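I open this notebook to record what I looked up in one structure. The entries follow the order of my searches.

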Amino acid sequence: MEKVVRNSLLNHLIENNLLSDNQHGFVPGRSCVTQLLEALDKWTEVLDNGFKLDAVYLDLSKAFDSVPHKRLLIKLQSYGVEGKVLQWIQSFLSDRRQKVYVSGAGSTWSYVTSGVPQGSVLGPVLFVCYINGMPEVTKSMIYLYADDAKIARHIVADSDRDVLQQDLDELGMWAKEWQMKFNANKCKVMHIGIKESRNPHIQ
């Protein structure tokens with residue numbers, strides 16, 4: 001049943017051109033490899049033209065567990081998912097409970113009010129829908145594979161680094177608005193091009 005809903009949802013998103021072209025995760029015909037090839041092709045072009053490039057690798061903290069159910073349903077509605085399909089998805093997400101066991105002792109049951117079910121067929125597509133608007137807040141190149149993202153910009157002058165920093169600030173505000181959080185410890189900056197000291201502009 002999940003597979004039927006997932007396929008219908010994906011067909012709806014693809015046929016109506018609603019999915020971001022920057023997303024390569026859990027999308028038919030795309031994969032981690034297509035994301036890497038697309039980034040490599042563009043970055044090589046930048047370097048061949050004599051420019052430098054700054055790239056920032058981003059990681060959303062506990063991304064699949066952080067998706068608020070109510071906001072996800074509103075997002076799906078904005079994509080035209082309505083009626084019984086939306087009700088089914090709401091039912092699929094609702095009334096899930098969890099408890100923790102430590103040394104044989106269990107906690108009380110607690111209702112799960114956020115997150116898409118990991119290990120499910122439908123969950124990853126729901127997550128992709130939720131973060132679909134992420135690339136819209138940036139001016140630089142951005143590539144997504146599910147919750148992993150990298151953003152890059154060719155560097156001609158310091159103003160280009162300023163734009164990249166503005167994009168990172170915008171992504172930070174986007175994450176706050178949609179109740180997500182970037183894991184700073186897993187975010188890395190990479191400079192590609194002429195050797196120089198680490199870029200002090202990127203925060």
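**Entry 1: charges over rings.** I first looked up the charged end of Arg-71 and found that it sits over the ring of Trp-178, 6.0 Å from the ring centre. I applied this criterion: NZ of Lys or CZ of Arg within 6 Å of the ring centre and within 35 degrees of the ring normal. I also noted the charged end of Arg-97 over the ring of Trp-109, 4.8 Å from its centre.

**Entry 2: basis of the values.** I note that the model is predicted, that local features need pLDDT of at least 70 and side-chain atom pairs pLDDT 80 or more, while totals for chains, interfaces and linings use all residues. Residues are numbered from 1 along each chain as its sequence is written, and side-chain values use heavy atoms, with hydrogens and water left out.

**Entry 3: Trp-109.** I located Trp-109 in the loop between β4 (105-106) and β5 (110-111); strands (E, at least two residues) and helices (H or I, at least four) are DSSP runs, numbered from the N terminus. Its relative accessible area is 46%, so Trp-109 is partly exposed; buried means under 20%, exposed over 50%, and partly exposed in between (1.4 Å probe, protein chains only). Leaving aside neighbours within four places in sequence, I found Trp-109 in contact (heavy atoms within 4.5 Å) with Arg-97, Gln-98 and Lys-99.

**Entry 4: aromatic pairs.** How many aromatic pairs does a search of the whole structure find? I recorded five. Rings of Phe, Tyr and Trp (its six-membered ring) pair if their centres lie within 6.5 Å; planes under 30 degrees apart count as stacked, over 60 as edge-to-face and the rest as tilted. Ring pairs join Phe-26, Phe-64, Phe-127 and Tyr-145 into a cluster.

**Entry 5: salt bridges.** Another joins Asp-158 to Arg-161 at 3.5 Å between the closest N and O atoms. Asp-158 and Arg-161 lie in helix α7 (residues 158-177), three residues apart, about one turn of the helix. I noted that salt bridges link Asp-54, Asp-158 and Arg-161 in a network.

How values were computed. A salt bridge is a side-chain nitrogen of Lys or Arg within 4 Å of a carboxyl oxygen of Asp or Glu.
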